[in-house]
Each structure stands twice: as C-alpha cells, then as structure tokens.
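Thanks for letting me take a few minutes today. I would like to walk through one structure slowly, from the whole chain down to a single side chain.

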Amino acid sequence: MIKIVQDFFPTPLFNYLKQIVESEKGMLWNWNWRNLSPQNKVVVGAEHYKIGKTIYCAPELEENGIENYDKELLPLFGVFQLYMMEHFQDRCKTPQDRVLLKRMKMNLYPNQVNQVDHGIHNDIWVGGIGSGRPDPNVVTCVFNFHTCNGSTTIFDKDEKGEYTKALKVPSIENTAIMFNNTHPHFGTTQNDIPARIVMNINLAKAPVDPITEDPTTGKEKFEPLDSYF
C-alpha cells in the first residue's frame, strides 16, 4: 500500500528541521558512492549522482557489521520514526520496542539543468541486491523538504500482482510518501530550484502473525499482511 501524508509535521517543527538541513555550517554532505557501485550499474539510471548524509544505518546493513549513526543529528531526526508510527495499524506498531529503525539518510539532488530519472530500486534487501528479495517487513518513507518540479515515482501492483503501475508523486514540502519496501521506486531531479532535499527512512514494523482465526468458522487461516497503514 502507498500512503501520502501532507503536512506530516506541525509547521513550526517542519520549519525548524528545514532550517537545519539547509544550514551551510551545520550540515556536511558526502558524495553518494553507492549509485556508482558495480552491482547497481545494471539498473538504468544508477549511474546518476547525488550527495547524501547518513543519519543512521543498522549494523546488518553495514559491510563492517558496525552500527553507523550521527550522534548529533539522530536525536533531532529520530522524531521521524514516531510520526511514521502514527500512521501504522496498531498490530504493526505493538510492541513499540519491536519497531526498528533500519536506515535513515538524506539525499540532496543538485540542479542538473535537465531533469534526470535515477535508478529504479528497493531500499532494503534480504540476501543481498540481485540475489535476494526486498524485505517485506520494512516500511519506506520519502519525505520532501522542498516544493519543486522534482518527484518520486512508486510502482504499485497491477491486476496480476506485479509492480507495473507507476504513481508519480510531486515534491511538495512537508509531505511524506510511505509504502511497503516491496514497492520499487525512483527519484527525479528538479530544474526549477538549486537543490532538492529528501529524507529517506526505512523502518521495520513490529512482527505480525499471519495465522489468524476466521470469526465465522473458528478455523485458522493464513493471511499475509500486505498493508501496514
């Protein structure tokens, strides 16, 4: 399922966070080398560049197996997790200590004169990119700090259950796009403002038992969870 939430934060909180990400002194950006890594070059658009800032990355997603986080920024931007959980079904956020942050990073797309589509991808994989599968227990969120002609495109299921239906969501400030990690997606750069900044969050929902009891028959049935919202 795909959920678009406008006015994700109260205006004073959004303005405070936007001031931080736009700060020339407080925000140090890094070249995003992942786009140019060999395993991504098979994806059309993977060669395009952007710069980024890692706020948090779980140890299982790091090559060295060590948790990576920004000790100054994580306490500030950790509020994203709480606001995301407000839109979860109760069974996906209870118990709260089983809702785990997997990765939180910001992407800055410079104005490249022409609008550019980046590579179609899923964020979190089980078994590795190219050899595994997108983690079905993770929620992906793309949050826009700017209103511009850039966008995020997410692929939804068609009648056959395949991800072919493209939904293009314009970049509107203080808007969050949340969807199951199984939905492929990509970003498109802007050419009407100098830079577009987005926050990307991957949050593992609380475990949900797929075995439920049919209230009409009293028998157990298998019901995989496809929507977390």
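This is a predicted model: local features need pLDDT of at least 70, side-chain atom pairs count only at pLDDT 80 or more; totals for chains, interfaces and linings use all residues.

Of its 229 residues, 46% count as buried, and among contacts with a separation of 6 or more, 75% are between residues 24 or more positions apart.

Let us turn to helix α1, which covers residues 11-21, and whose buried residues are Phe 14, Leu 17, Lys 18, Ile 20 and Val 21. Looking down the axis of α1, we find these buried residues within an arc of 155 degrees, so they line one face of the helix. In general, an α-helix has 3.6 residues a turn, so residues three or four places apart point the same way. On the other side of α1, Thr 11, Pro 12 and Gln 19 are exposed, while the buried residues pack against α2, α3, β5, β8 and β13.

Is Gln 81 buried or exposed? Its relative accessible area is 17%, and because buried means under 20%, Gln 81 counts as buried. Leaving aside residues up to four places away in sequence, Gln 81 touches Val 99, Leu 101 and Leu 203, and the side chain of Gln 81 reaches the backbone oxygen of Val 99 at 3.3 Å.

Key: Residues are numbered from 1 along each chain as its sequence is written. Side-chain values use heavy atoms; hydrogens and water are left out. Buried means under 20% relative accessible area, exposed over 50%, partly exposed in between (1.4 Å probe, protein chains only). A polar contact is a pair of N or O atoms within 3.5 Å; within protein, one must be able to donate a hydrogen and the other to accept it, and residues adjacent in sequence count only if both atoms are side-chain atoms. Contact means heavy atoms within 4.5 Å. Helices (H or I, at least four residues) and strands (E, at least two) are DSSP runs, numbered from the N terminus. The arc is that of the directions from the helix axis to the C-beta atoms.
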